[in-house]
Amino acid sequence: MSLSTGDECFVAQTAEEAVDQLAVLHERATGALNQALKRYLKERTVPDAEQRSLFRYPELRVVYLCQGEVPSTTRAYAKVQVPGTYAVTITQPKAFRKYLLEQLRPLMEDFTVRVEVGVSDQNIPYPYVVEQGDELGGSGVTAAELARVFPSTDLSATSDGIADGLYEWENADPMPLSLFHAARTDFSLRRLVHYTGSDWRHVQPWILLTNYHRYVDQFIHLGIERLRDDPRFVRMVLPGNVIIERGMDEGEANAIVASVEWHRFQMPAYHLIAEDGDGVTLVNIGVGPSNAKNITDHLAVLRPHCWLMVGHCGGLRQSQTIGDYVLAHAYMRRDGILDRVLPPHIPIPALAEVQVALQEAAALVTGERGEQLKRRLRTGTVLTYDDRNWELHWAQERPLINLARAIAVDMESGTIAAQGYRLRVPYGTLLCVSDKPLHSEIKLPGAATAFYQRAVSQHLSIGIAAVDLLRTQLNSLHSRKLRSFDEPPFR
């Protein structure tokens, strides 16, 4: 990856100038590619070499000029460790403007750097500028034909090698500026639209993940309340990009909710949007570690501040009661989904800031503290399986569960925490005990309904309250615990 030869390089004096120039170059490139696509579909006009040279991502470069001691900072991001050039291709700079400024401003203030913007040598794949796909319908042109004429997706350029520690830093020139370059980001942005059923631009930086649709019902209910009572929030976006605006009549809002065809999407997302862009998104990821890895792979390119798992689990201790909470402080990963890139013997640490926020949120919402809260909220190890019927192998599993001192079992939490660790996104888990499979307390229909009505609303309220607490702790939340020896300057 390097700036294309023959193209001028813009040297930015401020972070704002850099992002503005990135936006100009990205708009020029995507506009040229869009126009060329339309001409080909209509007239079969093949773009010439000069036109094709426009179909390239912009690139951001930071040249660290320090020759002496590296400035010391306790900040976990927006810092450079060794002199040299750091670079990354950028997509959608307008949408990522806030994030880019949060990285560039402190970097330019604290270090002697030169910030350059230019055109890279990485082509923009044509599928990433086709918004709906309607443009291709009825044209008689196949995707295979377009791939012969226009730049297409190159999966060899969309790896997670930097995040997974596979990047050769020692002789790299330039070094990576961030975990994800433009093609990897665009790949995930399109997947998010496919799986969640809404525009990726609606995803908020505070993300709740759940494994049960009843949490969706409560999120919508709480969201409508927030739109009515909290001036920070301006709208809610439902699957299919259906919008409920602040000030809308409650009857009209409920009618809109009832009309949403959420079942069309594999992992539908619901977005409570704040005016300052600091709202909350809930994604119903369904059941299983594969879904958990899939969605977090894609959410990670948005660089959220945090994701929290709020779902159901099986309680493993006799002393637990259905409806109790489990705050995970360790994970026993028996899901297998990440073993090749993050072996299960690698510890996944609990993040103190998230743990404290979840416990304090539980106290605030339940009104219970001290011994009273301890009776309802237990801290311990959560075991994550990839086999829903693990109980059928209880004789083999019992010794490991016993050694791990596990107190709860589910199919997503360990994967989500491991993904947060791997992809440098702060994470946490607060589960609600919905059954006790080892103690003959299973979810019978009548008891389950009563439990859901009582517990789900309170549980989700705790998750949102935890987000409210964490929102004021960004500097400590983005801690050095998630950073390795060799890290890009951007978080």
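In the predicted model, L460 is in contact (heavy atoms within 4.5 Å) with L208, Y215, Q218, F219, L222, L282 and V310, its neighbours within four places in sequence being left aside. L460 is also among the residues with the most contacts inside the largest nonpolar core, together with L60, L104, L208, L209, F219 and W307. This core has 119 residues; a nonpolar core is defined as a set of buried Ala, Val, Leu, Ile, Met, Phe, Trp, Tyr and Cys residues joined through side-chain atoms within 4.5 Å. Buried denotes under 20% relative accessible area, exposed over 50%, and partly exposed the range in between, with a 1.4 Å probe and protein chains only. Helix α13 (residues 445–470) supplies the largest share of the core, nine residues.

The model is predicted, with pLDDT of at least 70 required for local features and 80 or more for side-chain atom pairs, whereas totals for chains, interfaces and linings use all residues. Residues are numbered from 1 along each chain as its sequence is written, and side-chain values use heavy atoms, without hydrogens and water.

Helices (H or I, at least four residues) and strands (E, at least two) were taken as DSSP runs, numbered from the N terminus. Two strands are treated as paired if DSSP finds at least two bridges between them. Five strands form an open sheet with mixed pairing, in the order β1-β4-β2-β3-β5. Each of the edge strands, β1 (10–12) and β5 (175–176), has a single partner strand, so one side of each lacks a neighbour in the sheet. β1 runs antiparallel to β4 and is joined to it by three bridges, with F10 opposite V117 in β4. V117 is also the bridge partner of L60, and β2 and β4 pair over eight bridges in the antiparallel sense.

Strand β4 (113–123) is largely enclosed by the rest of the structure, because eight of its 11 residues are buried.

The loop between β2 (56–64) and β3 (84–89) contains A76. A76 counts as buried because its relative accessibility is 5%. With neighbours within four places in sequence left aside, A76 is in contact with H478, S479, R480 and R483. Between A76 and R480, the C-alpha to C-alpha distance is 4.9 Å, although 404 residues separate the two in sequence.

Strand β15 (residues 427–435) is mostly covered, nine of its nine residues being buried. Strand β11 (residues 306–315) runs parallel to β15 and is joined to it by eight bridges; L308 stands opposite G428 in β15. Strand β12 (residues 325–334) runs antiparallel to β15, with three bridges between them, and L327 has L430 as its bridge partner in β15.
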